[in-house]
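Subject: Structure handover

Hello,

Here is the structure for you to look through. Please open it first, then read the notes below.

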Amino acid sequence: MSINSVAVFCGSQQGNNPLFAKHAFRLGHLIAVKRITLVYGGGNKGLMGIIANAVLEKNGKVVGIIPKILTNREHHHSGISELHEVADMHTRKRMLYEMCDAAIILPGGYGTMDELFEILTWNQLAIHDKKIFILNSGGFYDHLILHLQNMEKESFLYHKLVDKLSVIASPDELII
């Protein structure tokens, strides 16, 4: 399967570890150099803003999807290739999934977790079969990965975790 667009789910804040921003920036450059379209939440703050700006810096294409309720909170990005303002979060997530061929999860908060688990669930239910990567910058997702492995060990998953999710420690490990 050819990957022409990738959805990136990440925080609208940068977090405390400078590695998070460094990895978002590097990932943005890699996406642009590979001529892959970035599809993301449409914000201009935090890791979202960093990755979008990094793609743009290398003349890549960036498509943002932001619900009206977040246009002020996440400060929608006015310099990207396309910005879709949608009615609600559900529409945002549906569009993100429809427009991407794969997904990459960077550090983030509740929204990022919501997006990760929904896309994993959709994979499990065969609604789609898109590649999902977790960029585990600085071990940010170590505890979550252990929990997911425990879910598998306790037979709560229908497929092997490694068949549905790839974990990478740095952007340069990404193979798409």
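A helix axis is a line fitted to C-alpha atoms, over the stretch in contact. Two packed helices are described by the angle between their axes and the distance between the axes. Keep in mind that this is a predicted model.

**The helix pair**

Start with helix α1, residues 18–33, and helix α2, residues 46–57. They pack at about 35 degrees, and their axes lie 7 Å apart. The crossing of α1 and α2 is right-handed. On the α1 side, the contact includes Phe20, Phe25, Leu27 and Ile31. On the α2 side, it includes Leu47, Ile50, Ile51 and Glu57. By class, this contact has 12 nonpolar, 2 polar and 1 charged residues.

**The cavity**

Rolling a probe the size of a water molecule over the atoms shows where empty space is left. The search of the whole structure turned up 1 cavity of 30 Å³ or more. The largest cavity has a volume of about 40 Å³. Its lining is Leu27, Leu30, Ile31, Lys34, Pro171, Leu174 and Ile176. That lining divides into 6 nonpolar, no polar and 1 charged. Leu27 and Ile31 line this cavity and also belong to the α1 side of the helix contact.

**A pocket**

Now look at the second largest pocket, with about 190 Å³ of space. Which helix gives the most to its lining? That is α4, with 4 residues. Helices α4 (110–124), α5 (142–153) and α6 (161–164) each supply at least two. Among the lining residues are Phe117, Leu148, Tyr158 and Lys164. The classes here are 7 nonpolar, 3 polar and 1 charged.

Best wishes

Note on methods:
Residues numbered from 1 in each chain as written. Predicted model: local features only at pLDDT ≥ 70, side-chain atom pairs only at ≥ 80, totals over all residues. Heavy atoms only, no water. 1 Å grid on protein atoms, 1.4 Å probe; cavity = no way out; pocket = protein on both sides within 12 Å on 5 of 7 lines; lining within 4 Å. Points joined across faces, edges and corners; volume = space filled by probe spheres on them. Nonpolar A, V, L, I, M, F, W, Y, C, P; charged D, E, K, R; others polar. Axes fitted to C-alpha atoms, helices over the stretch in contact; angles between N-to-C directions. Left-handed = near helix turned anticlockwise from the far one by under 90°. Contact = heavy atoms within 4.5 Å.
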